[in-house]
Amino acid sequence: MVSILKRSLAVIMLLIIGYWLAQGLSGIPFGQDKMLVGKYYLDNVIRQTGAINAVTAVVVNYRGFDTLGEVTVLFIASTGVGALLWAKRRERTAKTEGSIVLKTGIRLLTPFVILFGAYIFIHGHLTPGGGFPGGATIATAFLLLYMAYTMYEIPRRAFENTEGVAGMSYVIVALIGLAIGGYFLFDWIWQTWHFGVNNVGRILSGGFIPVIYTIIGIKVGTELSGIIDNMLREEVRE
Amino acid sequence: MISAYYFGAISLVLIGLYAVLVKKNVLKMLIGLSIMETGVNLLLVSIGYIYGRSAPILSEGIGPNQAVDPIPQALVLTAIVIGVATTAMALSVAIILYQKYGTLNVEEIRRLRG
């Protein structure tokens, strides 16, 4: 009885919220050209960044500082997961192995999944994707390994070191920009060296976008694998 | 009359909110939060859409006047990553709750604490 009352109360509240949201959104025309800043980015993206994918140019180049903060948030989250689930001794306690289909398939597919992830983040300035989806794809390979084999564990120390080195090299690339161009995250490869000016639309262009996206891809991949590893190992008491 | 995309986005937010309000299992509440997040992302992307235009990748045949707004898409890229981070944190808190109380039902957890 109480639960029905609570439920109907929740539904009424949701209807009111939904009505007001729809009321507010009806003032925003769908499918019309509303661009202000976006127009500037689209007009100048090839000349200023060398990338043809405007989204990744905005993420890495125009708003690179924001992305550095985003990478920091992800790092804090993975540290937080590690701290919350910390225990003296933890082991994998899964008892059932994956089926033969899963195990054989994953043994064959893992290198290709990692290769595809690398493809996504290296081509971030040309095709949809970038460092974050690429890193997530790489982490998927390790998740599949965890699902198939009960004994599998990632090389934890190596992954943590890789993650740290990747995070530092992002800051170092940004600091080189500070030294050459005068501000943090200055695109020195494109604006000072003019590297790949005749190559726009091919892989060797885009200034520091592929460099930073490679760093981000490695960092996100190792970080998400670390989160998976932290969640799948359970505390063992002697 | 609002567009179908806005309607879908609002519906997703409301479905997620319903799960957060009504469900008692912590994991189901977290799934509700994720659904709400998807709704907000869909709303942002659909606000940036322009009729008849292509993705903001300026390869052959797509000029600056034939692409949709890139900024909402960049924002959503950020929002998805932050969403993954918060979901991971919340799930590990749920793991700790289960280890401590042996249940994921919020009402029982509240009773056990008192």
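Predicted model: local features only at pLDDT ≥ 70, side-chain atom pairs only at ≥ 80, totals over all residues.
## Chain A at a glance

Reading from the N terminus, the elements go α-α-α-α-β-α-α-α-α-α-β.

A compact globule of 238 residues would have a radius of gyration near 18 Å, but chain A comes out at 23 Å. Of its 238 residues, 44% count as buried. Look at contacts in chain A with a separation of 6 or more, and you'll find that 69% of them link residues 24 or more positions apart.

## The nonpolar cores

Now for the inside. The largest nonpolar core has 56 residues, and those with the most contacts inside it include A:Val60, A:Tyr170, A:Phe208 and A:Ile216. Which helix gives this core its largest share? That's helix 9 of chain A (residues 209–232), with nine residues.

Skipping its neighbours within four places in sequence, A:Ile216 is in contact with A:Thr67, A:Val71, A:Gly131, A:Phe132 and A:Tyr170.

Searching the whole structure turns up 14 aromatic pairs over all chains. Take A:Phe30 and B:Tyr5: their ring centres are 5.0 Å apart and their planes sit at 15 degrees, so this pair is stacked. Why does the pair join two chains? Because A:Phe30 lies in the loop between helix 1 (2–25) and helix 2 (37–49) of chain A, while B:Tyr5 lies in helix 1 (residues 4–22) of chain B. A:Phe30 counts as buried, with 11% relative accessibility, whereas B:Tyr5, at 47%, counts as partly exposed.

For an edge-to-face pair, go to A:Tyr146 and A:Tyr152, with 5.6 Å centre to centre and 85 degrees between the planes. A:Tyr146 is buried at 2% relative accessibility, and A:Tyr152 is partly exposed at 22%. Back at the two-chain pair, ring pairs link A:Phe30, B:Tyr5, B:Tyr6, B:Tyr49 and B:Tyr51 into a cluster.

## Helix 1 of chain B

Helix 1 of chain B has 19 residues and reaches 26 Å from its first C-alpha to its last, close to the expected 27 Å. At the start of this helix, a side-chain oxygen of B:Ser3 comes to within 3.1 Å of the backbone nitrogen of B:Tyr5.

Which residues of this helix are buried? They are B:Tyr6, B:Ala9, B:Ile10, B:Val13, B:Leu14, B:Gly16, B:Leu17, B:Ala19 and B:Val22. Here's a handy rule for looking at that list: an α-helix has 3.6 residues a turn, so residues three or four places apart point the same way.

Most residues other than glycine have a negative phi. A:Leu185 isn't a glycine, yet its phi is positive, at about 65 degrees. You'll find A:Leu185 in the loop between helix 7 (156–181) and helix 8 (188–191) of chain A.

A:His194 isn't a glycine either, and its phi is positive too, at about 55 degrees. A:His194 sits in the loop between helix 8 and helix 9 of chain A. Are these two residues buried or partly exposed? A:Leu185 counts as buried at 7% relative accessibility, while A:His194 counts as partly exposed at 49%.

Key:
Residues numbered from 1 in each chain as written. Chains lettered and ligands numbered in written order. Heavy atoms only, no water. Core = buried A, V, L, I, M, F, W, Y, C linked by side-chain atoms within 4.5 Å. Buried < 20%, exposed > 50% of the residue type's maximum accessible area, 1.4 Å probe, protein only. Helix = DSSP H or I, 4+ residues; strand = E, 2+ residues; numbered from the N terminus. Contact = heavy atoms within 4.5 Å. Phe/Tyr/Trp six-rings, centres within 6.5 Å; stacked < 30°, edge-to-face > 60°. Expected span 1.5 Å × (residues − 1). Polar contact = N/O pair within 3.5 Å; in protein donor to acceptor, adjacent residues only side chain to side chain. Rg over C-alpha atoms; globule rule 2.2 N^0.38 Å.
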